[in-house]
Amino acid sequence: MLWFQGNSMQLAKYSFQLFLRNLSASKTVLPVLTLFTKDPCPLCDEAKEALEPYKNRFILQEVDITLPENSAWYERYKFDIPVFHLNGTFLMMHRVNISKLEKQLQKLEQQGTGG
């Protein structure tokens, strides 16, 4: 019985190592969708809801423009939030444009697979 348990543990450990290796080999880097926001921001909340079906295709990074370290973004976007950048490039503002988002995500995904 101890022999079986020992081998099961080794097998489980080996399987987990294989899983991690495959995961890291197949892992694609997701694009970063930056949301410039402040609190409260009802339009930002609506935008996040609209993005929900796409959340597995990007990393959502929120930037609170009211924080002192984000004063440059505040000066730029204080009347325009929500504003979205995809991988550091302006994408859209005020409302989520699903067709524009989809087009840009597909473009990045094709580049990621060499297509």
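This is a predicted model: local features need pLDDT of at least 70, side-chain atom pairs count only at pLDDT 80 or more; totals for chains, interfaces and linings use all residues.
Colleague: Which residues of helix α2 are buried?

Modeller: In α2, which spans residues 42-51, the buried residues are C44, A47 and L51. They lie on the same side of the helix, because they cover an arc of only 60° around its axis.

Colleague: And what covers them?

Modeller: The cover of the buried α2 residues includes β1 (32-37), β3 (83-86) and α4 (98-112).

Colleague: Which exposed residues sit on the face turned away from the buried side?

Modeller: P42 and E49 are the exposed residues carried by that face of α2.

Colleague: Turning to charges, how many salt bridges does the structure hold?

Modeller: There are six salt bridges in the structure. One of them pairs E62 with K48, with the closest N and O atoms 3.2 Å apart. E62 belongs to strand β2 (residues 59-64) and K48 to helix α2, so this pair ties together parts 14 residues apart in sequence.

Colleague: How accessible is E62, and how accessible is K48?

Modeller: E62 is partly exposed, at 43% relative accessible area. K48 is also partly exposed, at 26%.

Colleague: What does E102 pair with?

Modeller: E102 forms a salt bridge with R57, and their closest N and O atoms are 2.9 Å apart. E102 is in helix α4 and R57 is in the loop between α2 and β2, so the pair links parts 45 residues apart in sequence. Salt bridges with shared partners join R57, E102 and E109 into one network.

Colleague: Is R57 buried or exposed?

Modeller: R57 is buried, with a relative accessible area of 17%.

Conventions: Residues are numbered from 1 along each chain as its sequence is written. Side-chain values use heavy atoms; hydrogens and water are left out. Buried means under 20% relative accessible area, exposed over 50%, partly exposed in between (1.4 Å probe, protein chains only). Helices (H or I, at least four residues) and strands (E, at least two) are DSSP runs, numbered from the N terminus. The arc is that of the directions from the helix axis to the C-beta atoms. Contact means heavy atoms within 4.5 Å. A salt bridge is a side-chain nitrogen of Lys or Arg within 4 Å of a carboxyl oxygen of Asp or Glu.
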